[in-house]
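The following paragraphs lead the reader through the interface between two protein chains. Please have the sequence and the structure in view while reading.

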Amino acid sequence: MASNSVIKPKTQAGKRALARREEKVIENTKSCLLIRGGNTSEAIGSCLKDLYSLKKPHALMLKRRNPILPFEEISFVEKMSRKYDCSLFAFASHSKKRPNNLVLGRLFNYQLLDMIEFGVEGYQPLCTFPVAKVPVGTKPCLSFQGEEFDSDPTLMAIKNLLLDMFQGPRVEKIRLQGIEHLIQFSYCDGQILVRSYRILLKSSGSKIPRVELFEMGPRFGLRLRRHKLATPEQFKQARRQPKVATIKKIKNIVPDDGLGNRLGRVHVGRQELDKLQTRKVKALKRPREDFNAADGKKIKKRRLSDNKKQKNKG
Amino acid sequence: HAMSVLATSVPPTFDLGLLLINNPNPLDPASTRGPELEPYLAAVARENAQSLLSEIWQRLPAERVEDAVVAPLPPPSTPLPREKPPPKPKPPSRWEEFARLKSIRRNKKEQAVWDEATGEWRPRWGYGRADPSKEWLLEVPASADPNEDQFGRLKKEKKERVAKNELQRLKNISRNMRLGGTLPALSAGGGGATSSSKELKRALVVAKRSDASVGQFSAKVGGEKVGHLQGRRRHFLPNTGSLTAERGIQEQVLKELAARRTDPLNTERAVNRLQQQREQSGDAANAVNGRRRPQKKKTAGKVSTEGGKSRRQNARDSKSRKYKKAAASGRANQKMKSLMKSKTLGKRK
């Protein structure tokens, strides 16, 4: 937290920037860092650019080439993620052994959580589709087709990663006419086919509109290569949510019985009535036999001063 | 393209917080081949989108906000990891503790203050405020030294106040650290991930058994349950003891080593060496400078010796091509070696 740091920010802009980066209860939308590797083919370079277009404004494309190997040394990505405050990354490269390689990954607390390497096949860029594109910042609908996304553990992890990558900004309310984008992931023959459509809502007979889709692009298939998944422990830690202050229900007390009275039941416990501490009554101090003498007369009340007189006398 | 293959088998599930539809039906393998793939996928997508939108329209209550129809989204049900760990509660500072005990509450101050000197309302802070350090005239108080610089005094006092405030702020940070808070951020960004207790325990077990005695003599950490020792410990024979036993063991080792060699005498090598010796002694006359000369040297064609070619000659002929190549590279190596040899650092013995 800015107020917890030894170095204080000197400008308001600096203060705001630090406040943006600090740990929060409700987090910012995850930003994606797009990195080009040492060598990229035209296809994979274009694919990365399209990914950048899809993820704008929550994406950052690094200009220079970075000849790194994420699966061997992830420290560069972690450093950049810390520098630019991004928790998702996409790394594109091309080599003879791994043509059109795309590594998608995410970080927790600027440390690698999981990453998956895909081979991009059958890529068609965004510009080749003549359909008008959706506005920047639209929250897309996501569709996963295939039973493997719910059964196979690797594919479940991939689904989680893709959800995180493409979910868009977190909103409380959504404008129903603004549901314009659909991204479909289908599992087919070891490939995840990714298709992106523009939604047009047409009036139908009922209240629910009829959907028409136009493929907007980009279009590609992802073939799974290597992966480095988070252990259940790591994932559990990353999932830890802050304790939201809930209104604690107080038992036994009715705050308002409708007439403005606050009612409750007092549980006293077991009481021994003869051992109760009440006001001091001298009459109750004396044993009961004194009260009724044999002749039926009440014994005269004795005072302390009488005792003293007697003592002095005797 | 009527696609009803998918709709009926397993109904899709939804996560409206993410605008997500999970359709667990597999794609029709026949339709995914060839040119039918794209129209088929588009049809599948259309069906999914329609189901999702019907779900949204039915489940979520629509509200009207300034000529737009909006629907509140529920929180997502799919577990997604966070970006950073949740914030830790900050311990209260010394002043905050004091204020809490004395039940001092913060009074909201108004932005404008009446400034007597100029006779107008001025903002309390920021541009246009009545800054005491910008005074052009200062009264010298009666108790003060007449030669004292009053403006300088004000400046000094302000500096001291600022320094005191800074000191108290740092004290609060160090206090938080001592009380077990997070390390203060020396730069922007979070700290490293803390291991869970399980991971720490595992690391401890591994570290302990990573020594020669497999953790037998390591100090026990508080709260640690020590199980049986896992891992093999190297056993060494005692240094002192029976000499004959030790000798016997060494002999055994040597025997095993010797038994491994199936052919203790390399016959081929022995024969070659014998031939060499014979030739050297026999061809002493031919040899110049101790070097054996090939018999082909003087004539262009092949040399015919009495009684046919010697075995050595035959071998040489068949391997001549191979040897020429080897010789060429050998010469190169020799050159390298001589070059290397010339660059010795010390005295050549």
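A polar contact is a pair of N or O atoms within 3.5 Å; within protein, one atom must be able to donate a hydrogen and the other to accept it, and residues adjacent in sequence count only if both atoms are side-chain atoms. The model is predicted, so to speak of local features requires pLDDT of at least 70, side-chain atom pairs count only at pLDDT 80 or more, and totals for chains, interfaces and linings use all residues. Side-chain values use heavy atoms, with hydrogens and water left out, residues are numbered from 1 along each chain as its sequence is written, and chains are lettered from A and ligands numbered from 1 in the order in which they are written.

Between chain B and chain A there are 35 residue pairs in polar contact, both residues at pLDDT 80 or more. Helix 2 of chain B gives the largest share of the side that touches chain A, 16 residues (helices are DSSP runs of H or I, at least four residues, and strands are runs of E, at least two, numbered from the N terminus).

Seven salt bridges are counted between chain B and chain A, a salt bridge being a side-chain nitrogen of Lys or Arg within 4 Å of a carboxyl oxygen of Asp or Glu. One of them joins the side chains of Arg33(B) and Asp189(A), at 3.8 Å from N to O.

Strand 7 (residues 173-175) of chain A pairs with strand 4 of chain B in the antiparallel sense over three bridges; strands pair if DSSP finds at least two bridges between them. Within this region, Ile174(A) has Ala71(B), in strand 4 of chain B, as its bridge partner.
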